[in-house]
Amino acid sequence: MAIDSAAITAAVRAALESQGVKVIAGADNLVPVGVSNRHIHLSAAHVEALFGKGYELQPMKELSQPGQYACKEQLTIIGPSMRPIEKVRVLGPVRKATQVEISRTDSYTLKVKAPVRESGSIAGTPGLTIVGPKGVVTISEGCIIANRHIHMSPADGQAFGVKDGEYVNVEVDGERRTKWYDVQVRVHPDFRLEMHVDTDDANAVGLPCGSQVRVVKD
Ligand SMILES: [Zn+2]
């Protein structure tokens, strides 16, 4: 039987707290970091519009979050600057609405005023044009800069003492150590413990692949 360390941590925390022992964030509050490069989630209709009728996305590599995968397909995005960004990776599976996640740096290249948003929250965001091998789609909204967030299973949430939608702060060690505030926690049974930041954040602090950061509540 697999030992669920997060569940054990949660049980120990609950036992201590029931005896009035205050559990303070310590060395165990580490979270692995995944750096998200710019990418596109597509609706089923837009898959067909860009790649042709009946086309299905081809999974290339599984991502850390169960059920999510990088696809072989790449697309070009164009904003008002008319300076295209090529080879933007498509992530699957298909979603209800198309969403393009870029960095602030990309937004200057494209001249798109993308706001920082939680994934899926695209109302009122700017659109842009997506060019595929078989067609072109211009979306009226859906271009965002993803917020900093941490994926957690319910057991992880218990272990960290946080709830879905809560915000925490995160300390980042290294040569250009820093602290990120207002990092959104997202708890779901399908999630695996990982913090997601974009390339601007990762590059600013020189986060190497496989880094860990520490969740703090103050
Ligand atoms: Zn994520």
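Strand 1 (residues 30-36) and strand 15 (residues 212-216) run antiparallel and are joined by three bridges; strands count as paired if DSSP finds at least two bridges between them. Across that pairing, Val31 sits opposite Val213 in strand 15. Keep in mind that this is a predicted model, where local features need pLDDT of at least 70, side-chain atom pairs count only at pLDDT 80 or more, and totals for chains, interfaces and linings use all residues. Numbering starts from 1 along each chain as its sequence is written.

**The barrel**
- Six strands close up in the order 1-14-11-13-12-15, with mixed pairing.
- From one strand to the next, the twist averages 40° (axes are lines fitted to C-alpha atoms, and angles run from 0 to 180 degrees between N-to-C directions).

**Overall make-up**
- The protein has five helices and 15 strands, taken as DSSP runs numbered from the N terminus (helices H or I, at least four residues; strands E, at least two).
- Of the 218 residues, 30% are buried, meaning 20 or more other C-beta atoms lie within 10 Å of a residue's own, with C-beta atoms placed from the backbone.

**Helix 2**
- His46, Val47, Leu50 and Phe51 are the buried residues of helix 2 (residues 44-51).
- These four are on the same side of helix 2 because they cover an arc of only 110° around the axis, going by the directions from the helix axis to the C-beta atoms.
- They pack against strands 2 (39-43), 4 (69-78), 5 (85-95), 8 (128-131) and 9 (136-139), a contact being C-beta atoms within 7 Å.
- Just past helix 2, Gly52 has a positive phi of about 110°.

Note on methods
Buried ≥ 20, exposed ≤ 12 C-beta atoms within 10 Å, placed from the backbone. Contact = placed C-beta atoms within 7 Å.
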